Amino acid sequence: MTMMKRMSMIFRAKANKAIDRAEDPRETLDYSYQRQLELLQKVRRGVADVATSRKRVELQIAQMQQQGDKLKGQAQKALGSGREDLAREALTRRSGLDQQLSDLHAQHASLQGEEEKLTLASQRLQAKVESFRTRKETIKATYTAAEAQTRINEAFSGISEEMGDVGLAVQRAEDKTAQMQARAGAIDELIASGALDDASGQPNDDISRELDALSAGSDVESELASMKAEIGAGSAPKQLEGQADPQSAEHATSSEHQREER
Amino acid sequence: MMIVRIMAEGQFEIDDEQLGRLNVLDRSVEAAIEQGDEPEFCSALEALLKAVRQEGRPVPDDALVDSDLILPPADASLEEVRGLLGDEGLIPDPI
């Protein structure tokens, strides 16, 4: 027997087993209808859960992209200050982020696909449940228990196949979402630990600190340079090193004098 | 005329003349499952589902009909399909 045929027999066997359990088939109609409504709720919750996961991944993608931009800016700044080592470090970290990003993009696509599938499944199920409700009322109003049997079997086997399918789709979506939640949790932890800066505007990572130190250093240098210019005494610091040089001592003293005079 | 369901996708009406072609494609899927050949299974399943989508007319959402043939979802793994075909089956009980 082919796979296709076997699958449909398995579905049908499940439906038959369920209906055989009922004493009055008409009661099965109401009971089944309740189960259908429950399943419909479950699918809708499933859609909402997948959407939540998708949004979480979107947020992480945005955070990582921001972090990537920041690292690129740092690399440029470092290179501008002649610190190729620091620029290389920033770019290396950025390429690490790129790998995480492409993984997140793949997760996002998968969640999006799951969300679309479940949304369509819930629409289909809703339409079928509505049909079933109408048919159920007709059957209950028109037929005796004995007469109803065939009609009930027809209505029931159509809907139960759908329920089996949708039930499995929800299970699969839940499994997938749970796997991705675990991975998303791991990335959130990475971001929180500072291994990936959360780009919240706190420049507290080591590259930022070095760049800050670099610019603080150059601030000192430029201040010194402007002071020297004011004094108009040329390159004093070099001469300060050699104390044996009388000229430099003299020069230092004259600097002191000038300051006192002001 | 037959009703074919692709799980997680919906039902299709297919003319009987197509059955021969679908059976050939279905046998390739079965062979891949027997051999445990995952890549072969994926491409064979894809070909089978593609044929159903191409030749089939979608059954309206509100129709309550059971299917003559049922196919696994497009992203199913070989292991999952084995589970679906197993005695216990992965399919949840309808009620």
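Q: Let's start with α1(B): which of its residues are buried?
A: Keep in mind that this is a predicted model. In α1(B), the buried ones are B:L22, B:N23, B:D26, B:V29, B:E30, B:A32 and B:I33.
Q: And what do those buried residues of α1(B) pack against?
A: Elements from both chains: α1 (3–20) of chain A, plus β2 (10–14), α2 (38–55) and α3 (78–85) of chain B.
Q: What should the 17 residues of helix α1 of chain B span, at 1.5 Å a residue?
A: They should span 24 Å, and the end C-alpha atoms are 24 Å apart, so the two agree.
Q: What about the backbone just after α1(B)?
A: B:G36 sits there with a positive phi of about 65 degrees.
Q: Switching to α1(A) and α3(B): at what angle do they pack?
A: About 50 degrees, and their axes are 9 Å apart. An angle like that makes α1(A) oblique to α3(B).
Q: Which residues meet there?
A: From α1(A) you have A:M3, A:R6, A:M7 and A:I10, and they meet B:V81, B:L84 and B:L85 of α3(B). By class, that contact of α1(A) with α3(B) has six nonpolar residues, one charged and no polar.
Q: OK, now chain A: how do α2 (25–80) and α3 (84–142) pack?
A: Their angle is about 165 degrees, with the axes 7 Å apart. α2(A) and α3(A) are therefore roughly antiparallel.
Q: Left-handed or right-handed crossing?
A: Left-handed, as α2(A) passes α3(A). The contact between α2(A) and α3(A) takes in 29 nonpolar, 17 polar and 14 charged residues.

Note on methods. Residues are numbered from 1 along each chain as its sequence is written. Chains are lettered from A and ligands numbered from 1 in the order in which they are written. This is a predicted model: local features need pLDDT of at least 70, side-chain atom pairs count only at pLDDT 80 or more; totals for chains, interfaces and linings use all residues. Side-chain values use heavy atoms; hydrogens and water are left out. Helices (H or I, at least four residues) and strands (E, at least two) are DSSP runs, numbered from the N terminus. The expected span of a helix is 1.5 Å times one less than its number of residues. Buried means under 20% relative accessible area, exposed over 50%, partly exposed in between (1.4 Å probe, protein chains only). Contact means heavy atoms within 4.5 Å. Axes are lines fitted to C-alpha atoms, for helices over the stretch in contact, and angles run from 0 to 180 degrees between N-to-C directions. Angles under 35 degrees count as roughly parallel, over 145 as roughly antiparallel, 65 to 115 as roughly perpendicular and the rest as oblique. A crossing is left-handed if the near helix is turned anticlockwise from the far one by less than a right angle, and right-handed if clockwise. Ala, Val, Leu, Ile, Met, Phe, Trp, Tyr, Cys and Pro count as nonpolar, Asp, Glu, Lys and Arg as charged, and the others, Gly among them, as polar.
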